[in-house]
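Colleague: I would like to learn how to read a model like this one. Could you take me through it feature by feature?

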Amino acid sequence: MMERNGRSTLRLRSVFISDIHLGFKGCSAELLLEFLHHVDMDTLFLVGDIIDVWSMQKSMFWPQSHNNVLRTILGKAKRGTKVIFVPGNHDEVFRDFDGAVFGNLEIHREYIHYCADSRRVLVLHGDEFDSVVKCSPWLAKLGSNIYDILLAINPYINRVRRMLNLPHWSLSAYLKSKAKQAVQYIGSFEDAVAQAARKRGVQAVVCGHIHRAEIRDIDGILYCNDGDWVESCSSLVEDYSGQLRLIDWPTLREELRAEAAALSVGQAA
């Protein structure tokens, strides 16, 4: 169970986030900032594609909100949160710093995390299990360009949806869920990641990369994907008993707001 600090701040043992894509127009930086301001954690895992170097190589985009995300993360590290950065394919330039330690921030190609219940968890981004990225980088970048167009449309769609008091929604995620080949790819990816975890002798694995939040058992291995911050705006968290669960921030945000509103009404009465 998650602990509370104050009215709405969640106190957690570990938080896993990935695929933020800072430097890309489809990044939901404002939602991520809200989430980071509502959680305190002992360890923060940045599971790849935090900074979208691929996107910035095509066109430079870096608004204040993206800068604020980095400042907030570094601020947590300064106040004692251990930050583990596992670079992905979009920020692979940082893989050259594997093993580097900067105060409370560490960079690792992959990492073994011990949960509170003693389970060993392999943490990696996951692009090495993507056969397209592994075997044909130029094809991956072509697919990324098309995908980026879909992702870039999301903020405009959700701006209109907010005006209509509708919940957060992702066009690209919807299309992926309807595409048979995409569903088959996701299943193959998850199986490959779980198999690699089994070979390493761990009980669970946490990854990102495919922008699909999921927790499921795959032949005795707990497969966890923490999602992303361009489509689902989700995170994987560990409480102090070692339980792992997914947080859908747009949904939880509305629940917290409703809870605060009800409390205000109760106090007024």
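**Cores, strands and turns**

Modeller: This is a predicted model. Start with the inside: the largest nonpolar core has 36 residues, and Ile 17, Phe 35 and Trp 229 have the most contacts inside it. Elements that give two or more residues to this core are β2 (9–17), α1 (29–38), β3 (39–46), α3 (64–78), β4 (82–85), β6 (105–107) and α8 (249–268). With six residues, α1 gives the most.

Colleague: What is the general idea behind looking for a core?

Modeller: In soluble globular proteins, nonpolar side chains tend to be buried together. In this model there is also a second, separate core, made of 15 residues, with Val 47, Val 86, Cys 224 and Leu 244 among them.

Colleague: Which residues does Phe 35 touch, leaving out those up to four places away in sequence?

Modeller: Phe 35 touches Val 15, Ile 17, Trp 229, Ser 235, Ile 247 and Trp 249.

Colleague: And the chain as a whole: how many helices and strands does it have?

Modeller: There are eight helices and 13 strands. Of the 269 residues in the chain, 49% are buried. Among contacts with a separation of 6 or more, 67% are between residues 24 or more positions apart. The chain exposes about 13200 Å², and carbon and sulfur atoms supply 56% of that area.

Colleague: How do I read the two sides of a strand?

Modeller: In a regular strand the side chains alternate between the two faces of the sheet. Take β12 (residues 234–238): Ser 234, Leu 236 and Glu 238 point one way, while Ser 235 and Val 237 point the other way. All of them are buried, and β12 is described as mostly covered, with five of its five residues buried.

Colleague: Which strands pair with β12?

Modeller: β2 pairs with β12 in the antiparallel sense over three bridges, and Phe 16 has Leu 236 as its bridge partner in β12. Strand β13 (residues 244–248) also pairs with β12 in the antiparallel sense, over five bridges. There, Leu 236 has Leu 246 as its bridge partner in β13. The hairpin of β12 and β13 has five residues between the strands, and Gly 242 in this hairpin takes a positive phi near 100 degrees.

Colleague: Is β11 mostly covered or mostly uncovered?

Modeller: β11 is mostly covered, with five of its five residues buried. Ile 221, Tyr 223 and Asn 225 point one way from β11, and Leu 222 and Cys 224 the other way. Cys 224 also belongs to the second core.

Colleague: In which sense do β9 and β10 pair with β11, parallel or antiparallel?

Modeller: Strand β9 (residues 204–207) pairs with β11 in the parallel sense over four bridges, and Ala 204 stands opposite Leu 222. β10 and β11 run antiparallel and are joined by five bridges. Tyr 223 in β11 is the bridge partner of Arg 216.

Colleague: What should I look at in the turn between β10 and β11?

Modeller: Look at the backbone angle phi. The hairpin of β10 and β11 has two residues between the strands, and Asp 219 in the turn has a positive phi of about 50 degrees. That is a positive value in a residue other than glycine. Asp 219 counts as exposed because its relative accessible area is 67%, and exposed means over 50%.

Colleague: Where does Ser 118 lie, and what is its phi?

Modeller: Ser 118 is in the loop between β7 (111–114) and β8 (120–123). Its phi is near 80 degrees, again a positive value in a residue other than glycine. Ser 118 counts as exposed because its relative accessibility is 55%.

Colleague: Why does Glu 106 count as buried?

Modeller: Buried means under 20% relative accessible area. Glu 106 has 17% relative accessibility, so it counts as buried. Glu 106 lies in strand β6. Leaving aside neighbours within four places in sequence, Glu 106 is in contact with Lys 82, Val 83, Ile 84, Phe 85, Ala 100, Val 101 and Tyr 111.

Colleague: Which residues make the nonpolar surface patch?

Modeller: Val 160, Met 163, Leu 164 and Leu 166 make a nonpolar surface patch of about 420 Å². Leu 166 lies in the loop between α5 (137–163) and α6 (171–178). Leu 166 counts as partly exposed because its relative accessibility is 39%.

How values were computed. Residues numbered from 1 in each chain as written. Predicted model: local features only at pLDDT ≥ 70, side-chain atom pairs only at ≥ 80, totals over all residues. Heavy atoms only, no water. Core = buried A, V, L, I, M, F, W, Y, C linked by side-chain atoms within 4.5 Å. Buried < 20%, exposed > 50% of the residue type's maximum accessible area, 1.4 Å probe, protein only. Contact = heavy atoms within 4.5 Å. Patch = residues over 30% accessible without salt bridge, like charges linked within 9 Å, V, L, I, M, F, W, Y side chains within 5 Å. Areas by Shrake-Rupley, 256 points an atom, 1.4 Å probe, with all protein chains shown as cover. Salt bridge = Lys/Arg side-chain N within 4 Å of Asp/Glu carboxyl O. Pairing = 2+ DSSP bridges.
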